[in-house]
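Subject: Structure handover

Hello,

Here is the structure for you to look through. My notes on what was found in it follow below.

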Amino acid sequence: MYPLAAAMVVDSEVLRAELEQAFQSLAVRVVVDLPEMPSEWSSFLDRLDRMKPDVVMLSMGRLASPLEEVISAVRSTAARPAVFILHTEADPEAILRALRAGASEYLFPPIGQQLQAALERVARTREAATERTAPGGRVAAFLSAKGGCGATTIACHVALELPRLIDAKVLLADLDLQAGLIGFLLKNKSDYSVADAVYNIQRLDQSYWRGLVSNGIPNVEFITAPSRPASKNLPPGHVKQVFSFARTQYDWTVLDLGRHVTALTLTMLEMSDEAYLVTTHEIPALHQTKQLVQLLLDSGYPRDRLRLVLNRIPKRSDVTLDELESMLGITIFATLANDYQSLQEAFTEGRMLDTSSHLGRDLQRLAAKIAGVDINKKKKFSLFG
Ligand SMILES: Nc1ncnc2c1ncn2[C@@H]1O[C@H](COP(=O)(O)OP(=O)(O)OP(=O)(O)O)[C@@H](O)[C@H]1O
Ligand SMILES: [Mg+2]
């Protein structure tokens with residue numbers, strides 16, 4: 001197994017004894033070990049920044065802050081560790097709470113075997129990440145489970161919101177080669193697209209790239225999908241090469257991969273840190289989602305990098321989120337309100353949604369969750385000021 005560094009914050013004697021025993025036969029180095037919950041979370045988080053554990057084990061017993069906040073803060077530290085929640089029993093409510101809050105595992109005694117399997121999953125992800133050795137910022141890919149679920153709308157809003165939440169330079173890239181819309185939504189007049197970067201790959205450097213991207217929105221640059229039919233089948237390997245370079249120029253790259261799972265989609269997912277699968281409550285979309293989740297997991301896409309976004313949730317529904325999660329076999333990362341009218345008004349006026357609408361606030365919350373930012377601590381922000 002790829003060697004892992006772990007941090008433990010475990011205040012239960014029973015769980016500590018179980019962990020210590022399990023660690024004896026595993027390639028795990030404990031770099032932080034607290035026998036009780038920290039009284040000062042900020043200094044604990046600083047320690048995580050310095051020690052860079054691959055995984056943080058937290059016992060759920062007496063967490064003072066809301067679990068979601070703690071996990072999000074831990075996940076935002078330098079090494080972006082996986083979080084395992086430990087509990088003395090398998091309480092279904094606690095399991096769901098932990099997974100919803102962003103934990104990748106929920107473990108309870110006897111811990112040994114479960115822990116080994118869970119650590120192997122983390123080890124594989126870490127190893128793959130090291131293999132990717134991609135210098136540059138994070139890559140977030142958006143994919144529509146079925147046409148029209150909202151992937152483009154969400155990718156645009158997230159890309160524009162990120163620099164308002166964190167100090168980040170963002171690239172928004174339209175890789176929906178069949179029906180790219182980002183140029184239109186952002187009122188782009190540039191003649192250049194991803195295809196130009198691919199066709200001129202030997203010239204690709206910082207100054208050439210600058211000539212291709214469009215800007216006009218502070219800290220966001222974007223590149224559109226090709227409009228000419230001849231450019232709709234770009235070789236995936238070349239597109240990957242372009243974005244391996246492009247990501248070095250930005251803190252975040254947001255990709256719109258459209259709705260079709262093609263060789264290009266799979267190649268780009270491989271280089272993405274997280275894939276956001278956008279779906280809706282509609283039966284055909286859910287059916288497609290289930291198949292897509294299975295396909296991606298079967299093809300080796302790590303579960304902890306696959307995130308489901310449920311868009312256009314109805315005010316009332318016969319199916320609960322819990323039921324949907326167990327039906328789809330994946331937890332729901334975020335839900336977004338259904339608000340066609342506000343979106344149309346915004347698009348007609350050539351802008352994105354602001355936080356005066358419910359959907360605008362949901363989109364902002366989603367961007368914050370993606371960035372690992374505690375939205376309540378940020379006092380002033382709205383899309384477009
Ligand atoms: N939360 C929402 N509430 C209401 N309407 C929405 C919402 N999200 C998206 N829409 C609308 O749904 C339509 C499809 O959205 P969008 O183009 O973003 O989807 P997509 O998944 O990118 O589609 P495609 O498969 O064509 O790429 C648009 O008219 C958009 O305005
Ligand atoms: Mg789209």
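A backbone N or O atom of Ala-337 sits 2.8 Å from a nitrogen atom of ligand 1. The model is a predicted one, and that applies to every value in this email. Asn-311 also has a contact to a nitrogen atom of ligand 1, here through a polar side-chain atom at 2.8 Å. On the oxygen side, a polar side-chain atom of Gln-344 is 3.2 Å from an oxygen atom of ligand 1. Ligand 1 taken alone exposes 630 Å², and 86% of that is buried by the protein.

The shell around ligand 1 holds 20 residues, of which Ser-144, Thr-152, Thr-153, Asn-311 and Ala-337 come nearest. By class, these shell residues divide into 9 polar, 7 nonpolar and 4 charged. At least two shell residues come from each of helix H6 (151–165), strand S12 (306–313) and helix H14 (340–348). Helix H14 gives the most, with 4 residues.

Next, a helix pair. Two packed helices are described by the distance between their axes and the angle between them. For helix H12 (residues 283–298) and helix H13 (residues 321–328), the axes come within 9 Å and cross at roughly 45°. On the H12 side the contact is made by Leu-286, Thr-289, Lys-290 and Val-293, and on the H13 side by Leu-324, Met-327 and Leu-328. Sorted by class, the residues of this contact are 5 nonpolar, 1 polar and 1 charged.

Two backbone details remain. Most peptide bonds are trans, and most residues other than glycine have a negative phi. The peptide bond from Pro-109 to Pro-110 is cis, with omega near -5°. Pro-110 belongs to the loop between strand S5 (105–107) and helix H5 (112–132). Asn-219, a residue other than glycine, has a positive phi, near 65°. The place of Asn-219 is the loop between strand S8 (214–217) and strand S9 (220–223).

Regards

Technical notes: Residues are numbered from 1 along each chain as its sequence is written. Chains are lettered from A and ligands numbered from 1 in the order in which they are written. This is a predicted model: local features need pLDDT of at least 70, side-chain atom pairs count only at pLDDT 80 or more; totals for chains, interfaces and linings use all residues. Side-chain values use heavy atoms; hydrogens and water are left out. Axes are lines fitted to C-alpha atoms, for helices over the stretch in contact, and angles run from 0 to 180 degrees between N-to-C directions. Contact means heavy atoms within 4.5 Å. Ala, Val, Leu, Ile, Met, Phe, Trp, Tyr, Cys and Pro count as nonpolar, Asp, Glu, Lys and Arg as charged, and the others, Gly among them, as polar. A residue is near a molecule or strand if one of its heavy atoms lies within 4 Å of it. A polar contact is a pair of N or O atoms within 3.5 Å; within protein, one must be able to donate a hydrogen and the other to accept it, and residues adjacent in sequence count only if both atoms are side-chain atoms. Accessible areas come from the Shrake-Rupley method with a 1.4 Å probe; for residues, only the protein chains shown count as cover.
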